[in-house]
Structure formats: structure tokens, C-alpha cells
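Here is a structure to get to know. Some questions and answers follow it.

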Amino acid sequence: MADAYTYELWPTSSPEDIQAVIRAVYKQVLGNPHVMESERLVSAESQLCDGSISVREFVRAVCKSDFYKARYFESCAPYRFVELNFQHILGRAPESQAEVSAHICCCVDAGYDAEIDSYIDSDDYQQAFGENVVPYSREKSELGRKQVVYNRNFAVNRGPAQVSSAVKSSQ
């Protein structure tokens, strides 16, 4: 679904388009906080600009950054961390308690990096965003998606002005 809030990187993208993609990734993945110059991933941004990595790999770099880890993994309860990963990376709320439990187990058993990879390497991510579309909130009802996911999206995502790191408890 392409709309005014979808950012996609093309081989013909201008430097301004690439900067818009970078800003959109930071906004979606980091939950809309202001990113200071010292917190930016200069190396990963440079690789995206020169075509060495895709948007998907840039998202992975942001999610595995110390900034993301400190803000969401180290300062939130495990359930909230998983909720935020779903919202930031897949653009949706978890479909069920079983899905949340599976991700908590993944994080405990395989570690932080494997937990992040489990979202980015999923079929859900690939089908929704592919290699070069910035993840976006998929709060609209989707064919084949349970109604409860639609309802949970509104409980977890309070809109674009919300800084998700300010909300520490699960919804």
C-alpha cells in the first residue's frame, strides 16, 4: 500500500530523497524522538547513501544501535519491549499473546540481536516492506489479519506525536 507516508529508496533517488528516507527510518524505528547529531549512525547512513546497504539493512543497524537498545530494551519491561519492536519494525501490534511470548523466549534464549533479526528477517517484514521501503504504521485493517490486531494497534500506537520511549508500561 503506497500513500503519502510511504518512503521508498530507488536507484534514481536524489540525495534529498535519501535524506528523507533516513529521517523516516529514524522517526519510525526510534518512536519519533529527536535524534541528536551524536546519536546518528553516520557509518550506516553513509552506506545507505552509497548503495552499499538497503533500507532494510539500515533499519537493522538502527534497531541494533546502542541508542535503540538503551531506550527500549534496557529501560522497558520485556513485554513492552516486544510491543515496541512490533510497532517500530513491523508497523503493527502483536497478533496474539502467543506471538509476544515467542518473541520474549527468542530474546531470552538467543539474545538481543537474534530478537531484532527475527522481525527484520520475517516473511511479514519482507512482504510488507521488502528491501527498500521504510516501515510504516499498518494500522488499517489488512486482508487476512485478525480484528484484534486492528484494535491492539490503537492501544499500542497513540499517533505520530507520541514518543514511544515515554510510555514504559504495556498496553
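**A first look at the fold**

Q: What share of the 171 residues of the protein chain counts as buried?
A: The model is predicted. A residue counts as buried under 20% relative accessible area. Of the 171 residues in the protein chain, the buried share is 44%.

Q: How many helices and how many strands does the protein chain have?
A: Read along the sequence, the pattern is α-α-α-α-α-α-α-α-α. The secondary structure therefore comes to zero strands and nine helices.

Q: Which share of the contacts with a separation of 6 or more comes from residues 24 or more positions apart?
A: Contact means heavy atoms within 4.5 Å. Take the contacts in the protein chain with a separation of 6 or more. Residues 24 or more positions apart account for 68% of them.

Q: Which residues of α7 make the contact with α6?
A: On the α6 side, the contact is made by H103, C106, C107 and A110. The residues of the contact divide into six nonpolar, two polar and one charged. From α7 come Y112, A114, E115, S118 and Y119.

Q: Where around α4 do its buried residues lie?
A: Helix α4 spans residues 66-73, and its buried residues are F67, Y68 and Y72. They cover an arc of only 90 degrees around the axis. That puts them on the same side of α4.

Q: Which helices do the buried residues of α4 pack against?
A: F67, Y68 and Y72 are the buried residues of α4. Their packing partners are α1 (15-29), α3 (55-63), α5 (78-90) and α7.

Q: Is S122 buried or exposed?
A: S122 sits in the loop between α7 (112-120) and α8 (123-129). Its relative accessible area is 16%. The cut-off for buried is under 20%, so S122 is buried.

Q: Which residues does S122 contact, leaving aside neighbours within four places in sequence?
A: S122 and L90 are 32 residues apart in sequence. In space, their C-alpha atoms are 9.3 Å apart. Leaving aside those neighbours, S122 is in contact with L90 and D117.

Key: Residues numbered from 1 in each chain as written. Predicted model: local features only at pLDDT ≥ 70, side-chain atom pairs only at ≥ 80, totals over all residues. Heavy atoms only, no water. Helix = DSSP H or I, 4+ residues; strand = E, 2+ residues; numbered from the N terminus. Buried < 20%, exposed > 50% of the residue type's maximum accessible area, 1.4 Å probe, protein only. Nonpolar A, V, L, I, M, F, W, Y, C, P; charged D, E, K, R; others polar. Arc of directions from axis to C-beta.
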